[in-house]
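Here's a quick briefing to read with the structure open beside you.

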Amino acid sequence: MAQDSVSIGPLRLDEEHTLGEFHRLQQQAQSVDFPNGPSSCRRAFLGQMIHPRPGNTVLAWGAWVGGRPVGLCAIGVPKADQRRTADVLHFAVHPDVRRRGVGGRLLATATRHLAGLGLPKMTVFTSGPADGAGPGDAFADATGAACILRYQRMSLLMGPTRPTADSDISVGYELLHWRGGVPSNHRVAFAEMSSRLAAEEAARSSASQTPEDFDEDKIQELYAALDAWGYRTYLTAVRHRDTGLLVGYSALGMADAHQQHASQWDTIVLPSHRGRGLGAVLKRANLSWTIDHEPELTTVATWNAAGNAAMLHVNESFGFRVDQSGALREWIL
């Protein structure tokens with residue numbers, strides 16, 4: 001295939017049939033790159049394209065050969081009054097046409113457009129085997145994306161003995177559980193904790209990052225977006241009895257097409273309440289809460305910043321084991 005036989009153009013996000021073709025492309029790429037992982041969920045893919053995260057819009061470009069989709073680049077673009085870094089949502093090239101310039105042309109098209117909008121940076125998350133690099137890492141290196149934070153993916157395989165919630169939570173604390181989002185009277189506290197977590201993550205980065213800031217409206221909009229993407233969400237929070245304040249939470253989600261695989265998302269305890277084992281209590285209680293509603297669950301995966309030794313230790317104590325490496329990378333536009 002000659003390079004000039006590839007056509008590159010913008011995707012219309014209101015054409016569900018076309019987006020579905022690019023979802024199949026993503027599944028084909030994932031089946032080669034990560035053959036043992038759960039298949040990409042169509043509803044989640046379409047939802048992320050049509051109903052972006054709060055404060056973002058989505059721009060996407062496709063690559064075709066003879067009318068057949070062979071490449072995809074979808075970018076989350078912050079609104080003018082938000083963070084000034086764009087994020088890659090989906091980037092895929094069909095295995096049959098790799099190393100033929102398709103990915104490079106998609107990237108060049110996207111970065112030219114974003115630079116014209118005045119955006120200075122674009123980030124991408126890449127992943128590969130635990131002891132090496134994946135195709136995304138090689139592409140990012142070749143195109144000048146600097147690694148700014150390393151991650152490890154850890155997975156927990158459920159055995160016949162399922163985790164149960166702790167009955168010995170530290171004196172003075174109580175647990176709360178929710179499905180599908182955060183109640184309105186707790187969104188301010190969740191926003192403060194989410195902002196704190198984002199700031200801690202940014203502080204571990206080797207680049208100058210502006211952490212995402214949350215307020216109660218963004219928390220509501222975020223879980224509304226997750227619902228539109230088809231995610232079933234499970235949350236457990238810990239409340240300090242004396243003050244009535246929420247001081248930590250753990251969140252987990254399962255895509256619409258997944259019955260056996262879950263993603264462990266954020267877990268945070270505010271600094272003034274750390275050292276009491278609350279992080280482990282939250283994760284165990286939320287996993288037990290999830291299993292009550294998802295009896296077919298067999299695998300939970302979570303990404304941890306490599307420098308977050310405390311959370312790595314908590315996950316290892318649960319039986320999580322490292323099975324992939326990851327990196328947050330950044331292009332300067």
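Isoleucine 8 is partly exposed, since its relative accessible area is 25% and the buried class stops under 20%. Keep in mind that this is a predicted model. Isoleucine 8 belongs to strand β1, which covers residues 6–10.

**Around isoleucine 8**
- Setting aside residues up to four places away in sequence, isoleucine 8 touches Gly62, Ala63, Trp64, Arg105, Leu106 and Thr109.
- Valine 65 is 57 residues away from isoleucine 8 in sequence, yet their C-alpha atoms are 9.3 Å apart in space.

**The overall picture**
- The protein has eight helices and 12 strands.
- Its radius of gyration is 20 Å, close to the 20 Å that the globule rule gives for 333 residues, so the protein is as compact as a globular protein of that length.
- Of the 333 residues, 49% count as buried.
- Take the contacts between residues at least 6 apart in sequence, and 72% of them join residues at least 24 apart.

**Rings and charges**
- Eight aromatic pairs turn up in a search of the whole structure.
- One of them is phenylalanine 22 with tryptophan 64: the ring centres are 5.5 Å apart and the planes stand at 90°, so this pair is edge-to-face.
- Phenylalanine 22 sits in helix α1 (residues 16–33) and tryptophan 64 in strand β2 (residues 56–65), so the pair ties together parts 42 residues apart in sequence.
- Phenylalanine 22 has 0% relative accessibility and counts as buried.
- Phe125, Tyr151 and Trp303 are linked into a cluster by ring pairs.
- Two rings have a charged end sitting over them: lysine 218 is over phenylalanine 214, 5.5 Å from the ring centre, and arginine 284 is over phenylalanine 318, 4.7 Å from the ring centre.

**Nonpolar cores**
- The largest nonpolar core holds 26 residues, and those touching the most other members are Trp178, Phe190, Ile219, Tyr223, Leu235, Leu246 and Tyr249.
- At least two residues of this core come from each of β7 (173–179), α5 (187–204), α6 (216–228), β8 (232–240) and β9 (246–254).
- Helix α5 gives the largest share of this core, six residues.
- Apart from this core lies another of 23 residues, including Val77, Ala86, Leu114 and Met122.
- Beyond its neighbours within four places in sequence, tyrosine 249 is in contact with Phe190, Met193, Ser194, Thr236, Ala237, Asp266, Thr267, Ile268 and Leu282.

**Helices α2 and α8**
- In α2 (residues 42–50), the buried residues are Ala44, Phe45, Leu46, Gly47, Gln48 and Met49.
- Those buried residues of α2 pack against α1, β2, β3 (68–78), β4 (85–93) and α6.
- Which residues of α8 (residues 309–318) are buried? They are Met311, Leu312, Val314, Asn315 and Phe318.
- These cover an arc of only 160° around the axis, which puts them on the same side of α8.
- The other side of α8 has Ala309, Ala310, His313 and Ser317 exposed.
- Packing against the buried residues of α8 are β6 (146–157), β10 (261–269), α7 (278–293) and β11 (299–305).

Note on methods. Residues numbered from 1 in each chain as written. Predicted model: local features only at pLDDT ≥ 70, side-chain atom pairs only at ≥ 80, totals over all residues. Heavy atoms only, no water. Phe/Tyr/Trp six-rings, centres within 6.5 Å; stacked < 30°, edge-to-face > 60°. Helix = DSSP H or I, 4+ residues; strand = E, 2+ residues; numbered from the N terminus. Buried < 20%, exposed > 50% of the residue type's maximum accessible area, 1.4 Å probe, protein only. Lys NZ or Arg CZ within 6 Å of the ring centre and 35° of its normal. Core = buried A, V, L, I, M, F, W, Y, C linked by side-chain atoms within 4.5 Å. Contact = heavy atoms within 4.5 Å. Arc of directions from axis to C-beta. Rg over C-alpha atoms; globule rule 2.2 N^0.38 Å.
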